[in-house]
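Please open the structure in the viewer and keep the selection tool at hand.

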Amino acid sequence: MQLAKSFEQAACVLVLLATQRPDMPLTADVIHDRIGGSATYMRKIIRKLVVANLVASTSGNNGGVQLARSPEAITIKDVVLAIEGPLQTFPNHGYFDQAFKDVEPVADEGTKVVNAIFSQADKLWLDFLGGQKIATLIKELLAVPQIPVLNWNNQSDDKMDELNQILTRMRADK
């Protein structure tokens with residue numbers, strides 16, 4: 001199984017929002033400028049995150065999106081389910097039924113056994129991802145004790161310089 005590229009884009013959206021000043025929603029245009037790809041597709045990803053209650057949307061002149069929950073309350077599982085929908089890795093196209101149609105108990109049991117194996121694997125995978133928090137991902141990625149916050153909306157600033165200054169201060173305060 002391979003996640004769609006929209007999962008990675010959604011994870012980037014959440015990381016941007018987690019590091020955005022909480023009092024300033026981030027615009028879809030800024031998100032698109034930072035991540036790239038199709039602006040229309042990015043809006044669809046954001047919409048899925050809103051529907052999943054991971055992101056809140058505000059309309060108007062100062063509108064945009066922001067996290068609906070804290071990064072500590074958002075798991076990788078939440079993002080997978082928001083973007084991919086319910087997980088079922090075994091597609092069950094009926095090949096067991098076809099291959100063993102003349103030996104019906106074998107066909108029926110074969111399908112049940114394979115479904116059970118993949119259902120258990122799906123559950124284990126989702127349980128693991130349910131323990132992985134967006135906040136932990138950000139802190140480990142940046143090697144800091146807390147999530148840095150800046151204003152991604154202000155395009156005139158050098159964001160990498162600003163982020164590096166914040167990270168240097170945070171690491172020095174450890």
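A salt bridge is understood here as a side-chain nitrogen of Lys or Arg within 4 Å of a carboxyl oxygen of Asp or Glu. The structure, which is a predicted model, holds 6 salt bridges.

**Salt bridges**

Begin by selecting Arg 43 and Asp 29, whose closest N and O atoms are 3.1 Å apart in a salt bridge. This pair links distant parts of the chain, for Arg 43 belongs to helix 3 (residues 39–51) and Asp 29 to helix 2 (residues 28–35), 14 residues apart. Arg 43 counts as partly exposed at 43% relative accessibility, and Asp 29 counts as partly exposed at 46%.

Next, select Glu 72 together with Lys 139. Their salt bridge has its closest N and O atoms 3.9 Å apart. Here too distant parts of the chain are linked: Glu 72 lies in the loop between strand 2 (64–67) and helix 4, Lys 139 in helix 7 (residues 134–142), and 67 residues separate them. Glu 72 is partly exposed, with a relative accessible area of 42%; Lys 139, with 24%, is partly exposed.

Then select Lys 112 and Glu 109, a salt bridge with its closest N and O atoms 3.7 Å apart. Both residues are in helix 6, and because they are 3 residues apart, about one helical turn separates them.

**Along helix 6**

Remain in helix 6 and select Thr 111. Is Thr 111 buried or exposed? Its relative accessibility is 9%, so Thr 111 counts as buried. Leaving aside residues up to four places away in sequence, Thr 111 touches Asn 92, Phe 96 and Asp 97.

**The aromatic pair**

The model contains 1 aromatic pair. Select Phe 90 and Phe 118: their ring centres are 5.5 Å apart and their planes are at 20°, so the pair is stacked. Phe 90 is in the loop between helix 4 (76–84) and helix 5, while Phe 118 is in helix 6, 28 residues apart. Phe 90 counts as buried at 15% relative accessibility, whereas Phe 118 is partly exposed at 35%.

**A nonpolar patch**

Select Phe 100, Val 103 and Val 106, which make a nonpolar surface patch of about 210 Å². Val 103 sits in the loop between helix 5 (95–99) and helix 6 (104–130), and counts as partly exposed at 37% relative accessibility.

**Gln 9**

Finally, select Gln 9 in helix 1 (residues 5–19). At 12% relative accessibility, Gln 9 counts as buried. Which residues does Gln 9 touch, not counting residues up to four places away in sequence? They are Ile 35, Tyr 41, Met 42 and Ile 45.

Key: Residues numbered from 1 in each chain as written. Predicted model: local features only at pLDDT ≥ 70, side-chain atom pairs only at ≥ 80, totals over all residues. Heavy atoms only, no water. Patch = residues over 30% accessible without salt bridge, like charges linked within 9 Å, V, L, I, M, F, W, Y side chains within 5 Å. Areas by Shrake-Rupley, 256 points an atom, 1.4 Å probe, with all protein chains shown as cover. Helix = DSSP H or I, 4+ residues; strand = E, 2+ residues; numbered from the N terminus. Buried < 20%, exposed > 50% of the residue type's maximum accessible area, 1.4 Å probe, protein only. Contact = heavy atoms within 4.5 Å. Phe/Tyr/Trp six-rings, centres within 6.5 Å; stacked < 30°, edge-to-face > 60°.
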